Amino acid sequence: MTPRDTTLFCLVLCLGQKIEAQEGNLSTPTISATPGSVIPWNESVKILCGGAPESYLYQLEILGNSTYTVVEKKWGFQKTAEFVIKHMDTNTAGRYQCRYRKQYSWSVHSDALELVVTGLYDKPSLSTNGYLVVMPGVNVSLRCSSAHISFNRFSLSKERRAVLSQHQNGGRWGDFILGPVNLSFSGIYTCYSWYSSSPYVWSAPSDALQLVVTDTTNQDYTTENLIRMGVAGLPLVVLLVILAENWLGRQVLPKEDQQELPELSCSRQKTQTEWTFGLTPRVTR
């Protein structure tokens with residue numbers, strides 16, 4: 001091998017090692033949905049795929065049983081690519097993943113994102129046998145029930161994000177236990193019913209229940225502080241009342257009242273004189 005061939009071979013080998021190193025350093029992309037992963041029928045959803053600033057191609061895929069289908073590609077150097085599904089239906093619901101291309105290689109696939117379409121069946125009802133305002137540390141029991149149709153799956157959702165699934169064999173309700181709860185459990189909950197054969201096609205949402213987890217300890221401290229402030233301010237209020245009464249007592253009376261005072265004094269003196277003379281014994285000569 002000539003020196004020139006050796007040099008070319010080394011250049012190719014070094015370039016290949018550099019490319020291989022770059023391929024191994026690609027970070028795993030992220031995938032998310034906004035406003036959420038539970039979308040009403042015919043509404044839109046935005047899927048965000050996060051990669052690297054030097055990425056020039058993003059690819060969104062929908063997963064089948066053992067294969068995937070490319071949904072859309074986004075070209076252009078960007079750190080995050082946006083994919084919009086304008087109308088959610090039974091064909092667009094499913095499991096999604098994304099990946100990006102940087103220089104000569106593809107990244108690994110992101111975690112799967114499950115998009116659910118709702119509104120295909122009548123809404124179930126969501127109820128509780130306890131209280132909806134609770135203290136931290138307790139368990140909260142919720143029941144999702146269907147009045148007419150028997151489903152074998154029920155899901156509880158908090159603000160359009162699935163929380164739990166409950167399996168029921170031909171039943172009409174599913175029970176959910178939340179807890180021990182903390183402040184993060186506070187929020188608006190709804191539930192859905194569906195069939196295991198169509199895991200991404202759900203019923204309309206139930207009427208919402210709002211769960212409030214309250215920190216009573218902080219509330220007790222607040223009440224105690226307010227009481228202390230009120231007791232501390234009580235002497236000041238009493239002092240202000242005394243000063244106000246003293247000030248009102250020193251006010252000059254109106255002229256009408258001043259004109260009446262002498263007559264009232266004379267009348268009293270006259271009455272007192274008559275009474276005195278009336279009691280004095282008469283002296284006989």
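The questions and answers below set values against definitions.

Author: This is a predicted model, in which local features need pLDDT of at least 70 and side-chain atom pairs count only at pLDDT 80 or more, while totals for chains, interfaces and linings use all residues. Residues are numbered from 1 along each chain as its sequence is written, and side-chain values use heavy atoms, with hydrogens and water left out.

Reader: How many helices and strands are in the chain?

Author: The chain has 3 helices and 17 strands. Helices (H or I, at least four residues) and strands (E, at least two) are DSSP runs, numbered from the N terminus.

Reader: Why is Gln 97 called buried?

Author: Buried means under 20% relative accessible area, exposed over 50%, partly exposed in between (1.4 Å probe, protein chains only). Gln 97 has 9% relative accessibility, so it counts as buried. Its place is in strand E7, residues 94-102. Across the chain of 285 residues, 27% count as buried.

Reader: What does Gln 97 touch beyond its neighbours within four places in sequence?

Author: Contact means heavy atoms within 4.5 Å. By that rule Gln 97 is in contact with residues including Ile 31, Gln 59, Leu 63, His 109 and Asp 111.

Reader: What makes the pair of Gln 97 and His 109 a polar contact?

Author: A polar contact is a pair of N or O atoms within 3.5 Å; within protein, one must be able to donate a hydrogen and the other to accept it, and residues adjacent in sequence count only if both atoms are side-chain atoms. The side chains of Gln 97 and His 109 make such a contact at 3.4 Å.

Reader: Which strands pair with E12?

Author: Two strands pair if DSSP finds at least two bridges between them. Strand E10 (residues 125-128) pairs with E12 over 4 bridges, in the antiparallel sense. Leu 126 has Cys 144 as its bridge partner in E12. Strand E15 (residues 173-178) is joined to E12 by 6 bridges, also antiparallel. There, Ser 145 is partnered by Trp 173.

Reader: How many bridges pair E13 with E14?

Author: Strand E13 (residues 151-158) and strand E14 (residues 161-171) pair antiparallel over 7 bridges. Ser 155 stands opposite Ser 165 in E14. The hairpin has 2 residues between the strands, and Glu 159 takes a positive phi near 50°.

Reader: Where else is phi positive in a residue other than glycine?

Author: Most residues other than glycine have a negative phi, and most peptide bonds are trans. Gln 103 has phi near 55°. Asn 42 has a positive phi of about 75°. Asn 42 lies in the loop between E2 and strand E3 (45-50). At 46% relative accessibility, Asn 42 counts as partly exposed.

Reader: Which peptide bonds are cis?

Author: The bond from Thr 34 to Pro 35 is cis, with omega near 10°. The bond from Gly 179 to Pro 180 is cis too, with omega near 0°. Pro 180 is found in the loop between E15 and strand E16 (187-194).

Reader: Why is Val 241 called partly exposed?

Author: Val 241 has 43% relative accessibility, so it counts as partly exposed. Val 241 lies in helix H2, residues 216-249.
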